[in-house]
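The sequence and the structure come next.

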Amino acid sequence: MSAPILSVSGLSKRFGGLQALHDISFDVARTEILGVIGPNGAGKTTLFNNLAGLHRPDAGTIMLDGVSLVGLKPHRIAGLGLTKTFQNVALFAESSVLDNVLIGGLLRHGVAEARAFALHCLEQVGLAGIAQKQAGELSFPERARVEVARALATQPKILLLDEVMAALNHAEMEALMALIRRLREGGLTVIVIEHHMKAMLALCDRIIAISFGRKLAEGSPAEIARHPEVVAAYLGRAHAV
Ligand SMILES: Nc1ncnc2c1ncn2[C@@H]1O[C@H](COP(=O)(O)OP(=O)(O)OP(=O)(O)O)[C@@H](O)[C@H]1O
């Protein structure tokens, strides 16, 4: 791997008696789509929260393009280029789609510029036509795209997507995967958490599997799909690729 855009080393996080992350290390290449899989409670969202500055790790280093992120506030980390979507798509229901996306743009722009940029982001995700719709009236696939647009409005180098496909049917998932691939072709690096294994195997260049806060495996989708511990811990013995 040429110089990684993100380098995580020895990351650990404890909540009281629970070791939620234990000595997690991995690198992410520029414009890579990296998947993070693991059973419920494995520590996936905690990993994202530590990367994005919502939690402070107890130990370990996180370097984004050579800059240390540990101890920085989330808006500083977003300013440096790492932005996370939220698992339960928390949009302001009473506000328009445009205003929801505009909020992300305020990180770097004044209101007028952020509005224009928000429209551009909505175009990128194919939702320019519903910019004035109230966010509370959106379908699940629209909400997922608005959440991606809001993250894009911060102009990230790395986008962390936390289960944005959770409520989508097969066709909607395929469409969102196509969007993620397009964003990568435009230069974005993406780290994805999803439970849907087929989608992850199809979408990701590389996958890390975690279980009980520890990294269990790391490799190509094909390697992960046949890794004995991953199969036992997560995929189920019946899974075969
Ligand atoms: N703020 C917190 N305080 C205490 N415990 C927490 C906190 N956040 C997460 N945990 C615990 O840490 C463990 C890892 O949780 P996390 O949400 O990271 O798992 P996950 O892999 O994202 O799960 P899921 O697939 O269900 O979203 C769980 O046991 C969870 O209950």
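The expected span of a helix is 1.5 Å times one less than its number of residues. In this predicted model, helix α4 covers residues 111-124, and with its 14 residues it reaches 20 Å from its first C-alpha to its last, which is close to the 20 Å expected.

The buried residues of α4 are Phe-117, Ala-118, Cys-121 and Leu-122. Viewed down the axis of α4, these buried residues fall within an arc of 150 degrees, so they line one face of the helix. The face turned away from that buried side carries the exposed residues Ala-112 and Ala-116. The cover over the buried residues of α4 includes α3 (97-105) and α5 (140-152). After α4 comes Gly-126, which has a positive phi near 80 degrees.

Two packed helices are described by the angle between their axes and the distance between the axes. For α3 and α4, the packing angle is about 110 degrees and the axes are 8 Å apart. Because angles of 65 to 115 degrees count as roughly perpendicular, α3 and α4 are described as roughly perpendicular to each other, and their crossing is right-handed. On the α3 side the residues that meet α4 are Val-97, Leu-98, Val-101, Leu-102 and Gly-105, while α4 contributes Ala-114, Arg-115, Phe-117, Ala-118, Leu-119, Cys-121 and Leu-122.

Where does Leu-11 lie? Leu-11 belongs to strand β1, which spans residues 6-15, and it counts as buried because it has 25 C-beta neighbours inside 10 Å. When neighbours within four places in sequence are left aside, Leu-11 is in contact with Leu-21, Ile-24, Asn-50, Pro-57, Gly-60 and Ile-62.

Most residues other than glycine have a negative phi. Thr-31 has a positive phi although it is not a glycine, and Glu-163 likewise has a positive phi without being a glycine. Thr-31 lies in the loop between β2 (18-28) and β3 (33-37), whereas Glu-163 is placed in the loop between β7 (158-162) and α6 (170-185). The table sets out their values.

| Residue | Phi | C-beta neighbours inside 10 Å | Class |
|---|---|---|---|
| Thr-31 | near 60 degrees | 16 | partly exposed |
| Glu-163 | about 55 degrees | 19 | partly exposed |

Technical notes. Residues numbered from 1 in each chain as written. Predicted model: local features only at pLDDT ≥ 70, side-chain atom pairs only at ≥ 80, totals over all residues. Helix = DSSP H or I, 4+ residues; strand = E, 2+ residues; numbered from the N terminus. Buried ≥ 20, exposed ≤ 12 C-beta atoms within 10 Å, placed from the backbone. Contact = placed C-beta atoms within 7 Å. Arc of directions from axis to C-beta. Axes fitted to C-alpha atoms, helices over the stretch in contact; angles between N-to-C directions. Parallel < 35°, antiparallel > 145°, perpendicular 65-115°, else oblique. Left-handed = near helix turned anticlockwise from the far one by under 90°.
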